[in-house]
Every structure is written in structure tokens, then in C-alpha cells.
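User: Hello! I am new to this structure and would like to learn how to read it. Could you take me through it one feature at a time?

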Amino acid sequence: MNLCIILLILVFMVPFYIGYSIVSNIRLLYKQRLLFSCLLWLTFMYFFWKLGDPFPILSPKHGILSIEQLISRVGVIGVTLMALLSGFGAVNCPYTYMSYFLRNVTDTDILALERRLLQTMDMIISKKKRMAIARRTMFQKGEVHNKPLGFWGMIKSVATSAPGSENLTLIQQEVDALEELSRQLFLETADLYATKERIEYSKTFKGKYFNFLGYFFSIYCVWKIFMATINIVFDRVGKTDPVTRGIEITVNYLGIQFDVKFWSQHISFILVGIIIVTSIRGLLITLTKFFYAISSSKSSNVIVLLLAQIMGMYFVSSVLLIRMSMPLEYRTIITEVLGELQFNFYHRWFDVIFLVSALSSILFLYLAHKQAPEKHMTP
């Protein structure tokens, strides 16, 4: 029932209301907003339906209005989103937590950058004073009122300017360049202060704990990338959930008596619950930051609805992928509820997107980290 309701919301209600909110903000279309909202929803449905054509996501025997048709298409979008976020998070988490990647920032570096910022601000004030004095002088001489108009007039005024007079256009260009430089210096100064706070935080007990977590997640990241590569190259999907497999290896290695089936079920469900809570929380935090960054009075409704759409697709995809983390008998129940989908395709697609996202994140963070120490060293 939950699955049917959320699919109804994701495919019919939220897209229609997004279109309605967009059309309501356009004055020319306001009177016919219902008609244009329907047209936007039909456009969405066309592209949503065409999305399933390139992917082997279900068997041909399913009807047009079957639940498998909707889940399969929503799953492609949601799994792609999950893989992108997981790939970036697997790399960014150890990079953020580990003190190894922190730059060595001293008070001398911060003072030098602040001194440059103050010098730049003094130069901006000085040049604006020159511009104000030049304008007052021109006004007193009557040059403002008698200034020739047009392109040739501007060239003539520049070519025949009186000795000692200021070229306001050139000074304004210099002021614009200095103001842009001052903005960059301010951001770099704030970045240095933030880095210094992170260095001090890393020396505390909590900071050392997160540093340890960073090393743990870095090992997990390397293992996950390696396993994703193996899965892609050899076209394989795991048959046993990770908890059961780990308990079996531990029991066989230690040679102890242990009810693997009983405990694997409980530990699997606890692990699945933790995965769901942490992943949904991480997604909500990321989307909230995105919302605060781009929202306005007119676009806030549309952005909230888009976030709801993404959230719903993320949930459906979580059900698709978490199926492999559960014991076989419970995995079979989820398979019966979701229908005859090509589950192997989704796991392979997740591995491909995860690998691309993780490698791209490694490259991006490497370049950012390589250039960061040289920011405040610019002469």
C-alpha cells in the first residue's frame, strides 16, 4: 500500500503540482494555468516513459499500467542519485574527517593575507576619492554638461582631455578589478580561519575519534571501489548478504558454535535500519543546504516539491538496493512485492555510477587540495 501511494505521488501528483507552481509564477499564463499545467505534466510523462526504453529494466509481459512499469523507471533515476551521492560521500567523508589532509595554517599566514586585504581596500578607497574629486572638478568646469555624446564624442573626449585631468573609465576599471580581488582575498581569509579551527578541533578527543573514523572510511572506500570494479568487469552480483557472509567467515575461522541463521537475520535488520536512517539523514542535510542556497520567494514552492520528488525516488531506490542486504527468505518477500524486475541491472548500474562518481570525486578533491596551499601565497 505504501509503495502504491508513493508511486501515485511521485508520478502523478508532485509533477503536476510542480508544473502548476511554475505556471502560476508566469503572469501571461496565469489565467490558463490549469491547461498549461496539464501540458507540462503530459510532457513529463512522455519523457518519463521514454526513460525506460534504453534500459533492460523489466520483462515485456508487464502491462502499461502495472506497478512494475512505474517502479522500474523511478528506480533508474533514484539509483543514479544514490550512486552519485554514495560515490562522493565515500571519498569526501575520509577527506573531511582525516587530519592528514589539513593544510598547515599559521597566524603569520592569516596576518599576511589580512594585510593584503586591508591594502586592497585602501587602494579602492583612494581611487574612489580620485574619481569623486575628478567628477567635482569636471562639474565645476562645466565639462559634464558640455560633454559630446555618441561613440565618436567619447573618443574625442579621451583624445583631447585636458592635461592633469583624470580618465574616469580607466579608474573605474581598476576599481572593479580591485573589488573582485578584495572579494577573493576575503574568501581566502575566511577559508584560512576555518582551516585553523579544524586544526585545533582535530587535537581534541572528538577530533581524534573522527580522524580514526576517517582512516576506517578510507579503507572502506578503497574496498568499495575495488568491489565495484570487480562486479563490473566480471558481471557478477552478490548472492549472500554481507552480514551472513561475514558471520560465516568469522565462525569458520574461529571454529565456534554459533547460530548463523538466527543472528544474521537480527543483525541484518539492524544494519539495514542504520543504513536507511543515515542515508536519508545525509540526503536531507545535503538537500537542505541546496535549498537555502538557491531558494527565493517565488521559487521556494517549486524547490520544495523538487526535493520531495527526489526524496521519494531515493526511498524507492533504497528498497530496490537494500534487498541484497537481507537474508534470502526476506529478500524473496520484497521480490514478490516489487514484481519481476531486473534486479541485477540495478545493482550493476549502481556499481557503474558509483565508480564514476568516486573516481571523479577523487580527482576533484585532489586538484582542490593541490591548489589550496598556494592560494594565500600569491604575490
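Analyst: Here is a friendly walk through some features of this model, which is a predicted one.

User: Let's begin inside. Which residues have the most contacts inside the largest nonpolar core?

Analyst: Ile71, Val74 and Leu338 do, in a core of 36 residues.

User: What is leucine 338 in contact with, leaving aside its neighbours within four places in sequence?

Analyst: The partners of leucine 338 are then Leu3, Glu68, Ile71, Val319, Leu320 and Phe343.

User: Now the rings. How is a pair of aromatic rings described?

Analyst: Two values are used, namely the distance of the centres and the angle of the planes. In this structure the count comes to 6 aromatic pairs. One of them joins phenylalanine 44 and phenylalanine 48, which are stacked, with 5.6 Å from centre to centre and 20 degrees between the planes. Both residues belong to helix 2 and are 4 residues apart, about one turn of the helix.

User: Are phenylalanine 44 and phenylalanine 48 buried or exposed?

Analyst: Phenylalanine 48 counts as buried because its relative accessibility is 4%, and buried means under 20%. Phenylalanine 44 has 25% relative accessibility, so it counts as partly exposed.

User: What kind of pair do tyrosine 46 and phenylalanine 47 form?

Analyst: That pair is edge-to-face, with centres 5.3 Å apart and 80 degrees between the planes. Tyrosine 46 is partly exposed, at a relative accessible area of 49%, while phenylalanine 47 counts as exposed at 55%.

User: Where does the charged end of arginine 73 sit?

Analyst: Look at tryptophan 49: the charged end of arginine 73 sits over its ring, 4.5 Å from the ring centre.

User: On to charged pairs. How many salt bridges does a search of the whole structure find?

Analyst: The search finds 4 salt bridges. In one of them, the side chains of aspartate 107 and lysine 196 meet at 2.3 Å, N to O. This pair links distant parts of the chain, with aspartate 107 in helix 4 (residues 107–141) and lysine 196 in helix 6, 89 residues apart. Aspartate 107 counts as partly exposed at 45% relative accessibility, and lysine 196 counts as partly exposed at 24%.

User: Which residue forms a salt bridge with glutamate 179?

Analyst: Lysine 128 does, and the closest N and O atoms are 3.0 Å apart. Because glutamate 179 is in helix 6 and lysine 128 is in helix 4, the pair ties together parts 51 residues apart in sequence.

User: How many residues apart are glutamate 180 and arginine 183?

Analyst: They are 3 residues apart in helix 6, about one turn of the helix.

User: Let's finish with a loop. Where is lysine 203 found?

Analyst: Lysine 203 is in the loop between helix 6 (168–202) and helix 7. With a relative accessible area of 61%, lysine 203 is exposed. Its C-alpha atom is separated by 9.1 Å from that of serine 99, a residue 104 places away along the chain.

How values were computed:
Residues are numbered from 1 along each chain as its sequence is written. This is a predicted model: local features need pLDDT of at least 70, side-chain atom pairs count only at pLDDT 80 or more; totals for chains, interfaces and linings use all residues. Side-chain values use heavy atoms; hydrogens and water are left out. A nonpolar core is a set of buried Ala, Val, Leu, Ile, Met, Phe, Trp, Tyr and Cys residues joined through side-chain atoms within 4.5 Å. Buried means under 20% relative accessible area, exposed over 50%, partly exposed in between (1.4 Å probe, protein chains only). Contact means heavy atoms within 4.5 Å. Rings of Phe, Tyr and Trp (its six-membered ring) pair if their centres lie within 6.5 Å; planes under 30 degrees apart count as stacked, over 60 as edge-to-face and the rest as tilted. Helices (H or I, at least four residues) and strands (E, at least two) are DSSP runs, numbered from the N terminus. A charge sits over a ring if NZ of Lys or CZ of Arg is within 6 Å of the ring centre and within 35 degrees of the ring normal.
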